[in-house]
Amino acid sequence: MELITTTQQLESACDDLRQQDFIAVDTEFIRESTFWPQLCLIQAAGGETEVLIDPLADGIDLEAFWDLMADDRIMKVFHAPRQDLEIFFHMADGLIPHPIFDSQVAAMALGLGDSIAYDKLVHAVLKRPIDKGSRFTDWARRPLTKAQEGYAIADVTHLRDLYPIIRERLESANRMSWVAEEMAILTDPATYEQHPENAWQRLKVRKNHPKWLAALKAAAAWREEEAQSRDIPRQRIVKDEGLYEIAHAAPETPDDLKGMRALPRGFERSRPAERLIEKLKPALADPKAYAPTLPPPPKRPEGASATVELLKVLLKLVAEEAGVAARLIATVPDLEEIATSDEADVAALRGWRRDVFGETALALKHGKIGLMLENGRVTAKQL
């Protein structure tokens, strides 16, 4: 294992890794006190090459690593990589590694667990224990300890050994396409883009009044811009409850912010307060135009709740028989939509999911099959 702290070392290591068909990749980062994750370590393993890359090393240029991640001839293997990919996306001007393989999704497709943790997957497939003692250490502190280095490199050396086994199992079960569908979501730039005007979607919408909605949308956008530009967590700008308070008060001047419980004393005299009022002005000037359009609440047919419960049982049955995690096949919202409409626009009625579950779900809904107990086990029978 090599600890890389210079650009020259990194370029040499990337040249070695580029000779492989696949490489295992992981990162260590912290984000407790920042908006953007602070990348502290990159781990990579391919063939006999095993490296720790220190992005905090003085003067190091990560361009060679970004080029490696952009090389579409090499499979990049991760475990639950959404946060890793988010870091790469924001640090490398929109870069998303491709092609990628998520061992967590693959494990779900093989019935090895629902969002299975990395250490449990390693134990299940390779029968190797993993020491997680360094997981919550301070990865920004230098020098790294030997325990930290050992923990970090194990995250990719085990993954390197896992990948061929899991891939072979997927190919034998004709399920590689299942994993590929999920990778399309992970490699979509929209997954990582964070537009302030859409920040209201992170909140629970409590009212449907245009003025309240417009003010909430504007306040949420203001908080997002403040958090991103100052690189501090959203909740340190103002908590969610504070956004609801601002939406209710609909302040038009800085003085209108006085006395709000969610805001610090004297906030009305600050530059952020000025920016908040400026953000609110167009929202309050024409609330109907500015407010987001909310979809009407779904109209559930009579008996839909019972249908959903039957679909849950069917989903569990199908998942067990197919040897795949139920969550990968369908979610509860999917089942609720299917109970309402045969044409529901949900993943469970598309692609391989429709073949495995969707058609059977519709047959159950229309009384063409029934669920019954036989020798203590639930089965589905044609009616």
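**Entry 1: ground rules**

I worked on a predicted model in which local features need pLDDT of at least 70 and side-chain atom pairs count only at pLDDT 80 or more, while totals for chains, interfaces and linings use all residues. Residues are numbered from 1 along each chain as its sequence is written, and side-chain values use heavy atoms, with hydrogens and water left out.

**Entry 2: overall counts**

I looked up the secondary structure and found 16 helices and eight strands. Helices (H or I, at least four residues) and strands (E, at least two) are DSSP runs, numbered from the N terminus. Along the principal axes, the C-alpha atoms fill a box of roughly 70 × 65 × 35 Å. Of the 383 residues, 48% are buried; buried means under 20% relative accessible area, exposed over 50%, and partly exposed in between, with a 1.4 Å probe and protein chains only. I then took the contacts (heavy atoms within 4.5 Å) between residues at least 6 apart in sequence: 65% of them join residues at least 24 apart.

In what order do the six strands of the open sheet lie? I read 1-4-3-2-5-6, with mixed pairing. Strand 1 (2–4) and strand 6 (100–102) are the edge strands, each pairing on one side only. Two strands pair if DSSP finds at least two bridges between them. Neighbouring strands are turned by 25° against each other on average, direction ignored.

I followed strand 4 (residues 49–53) to both of its partners. With strand 1 it pairs in the parallel sense over three bridges, and Ile4 has Ile53 in strand 4 as its bridge partner. Strand 3 is joined to strand 4 by five bridges, and these two run antiparallel. Here Ala44 is bridged to Val51 of strand 4. Strand 3 and strand 4 form a hairpin with two residues between them, and Gly47 in the turn has a positive phi of about 60°. Four of the five residues of strand 4 are buried.

**Entry 3: helix 2 on the sheet**

I checked what helix 2 (residues 63–70) touches. Helix 2 packs on the sheet, in contact with strand 2 (22–30), strand 3 (38–46), strand 4 and strand 5 (75–78). The direction of helix 2 makes about 130° with that of strand 2. For such angles, axes are lines fitted to C-alpha atoms, for helices over the stretch in contact, and angles run from 0 to 180 degrees between N-to-C directions.

Which residues of helix 2 are buried? I list Ala64, Phe65, Trp66, Leu68 and Met69. Their cover includes helix 1 (7–17), strand 2, strand 3, strand 4, strand 5 and helix 3 (82–91).

**Entry 4: two helix pairs**

I took helix 8 (residues 210–230) with helix 11 (residues 271–285): the axes come within 9 Å and cross at roughly 145°. Helix 8 passes helix 11 in a right-handed crossing. A crossing is right-handed if the near helix is turned clockwise from the far one by less than a right angle, and left-handed if anticlockwise. Residues in the contact include Ala214, Ala218, Trp222 and Glu225 of helix 8 and Arg275, Leu276, Lys279 and Leu280 of helix 11. By class, the contact has eleven nonpolar, no polar and six charged residues. Ala, Val, Leu, Ile, Met, Phe, Trp, Tyr, Cys and Pro count as nonpolar, Asp, Glu, Lys and Arg as charged, and the others, Gly among them, as polar.

For helix 15 (residues 332–340) and helix 16 (residues 351–365), the axes come within 10 Å and cross at roughly 45°. That makes helix 15 oblique to helix 16; angles under 35 degrees count as roughly parallel, over 145 as roughly antiparallel, 65 to 115 as roughly perpendicular and the rest as oblique. This crossing of helix 15 past helix 16 is right-handed. Leu335, Ile338, Ala339 and Thr340 in helix 15 meet Phe357, Leu362 and Lys365 in helix 16. I sorted these into five nonpolar, one polar and one charged.

I looked for cis peptide bonds. The bond from His98 to Pro99 is cis, with omega near -5°, and Pro99 sits in the loop between helix 3 and strand 6. Another cis bond joins Arg142 and Pro143, with omega about 5°; Pro143 is in the loop between helix 5 (118–126) and helix 6 (146–172).

I also looked for positive phi outside glycine. Lys127 has phi of about 60°, lies in the loop between helix 5 and helix 6, and is exposed at 60% relative accessible area. Asn174 has phi near 55°, lies in the loop between helix 6 and helix 7 (176–186), and is exposed at 64%.
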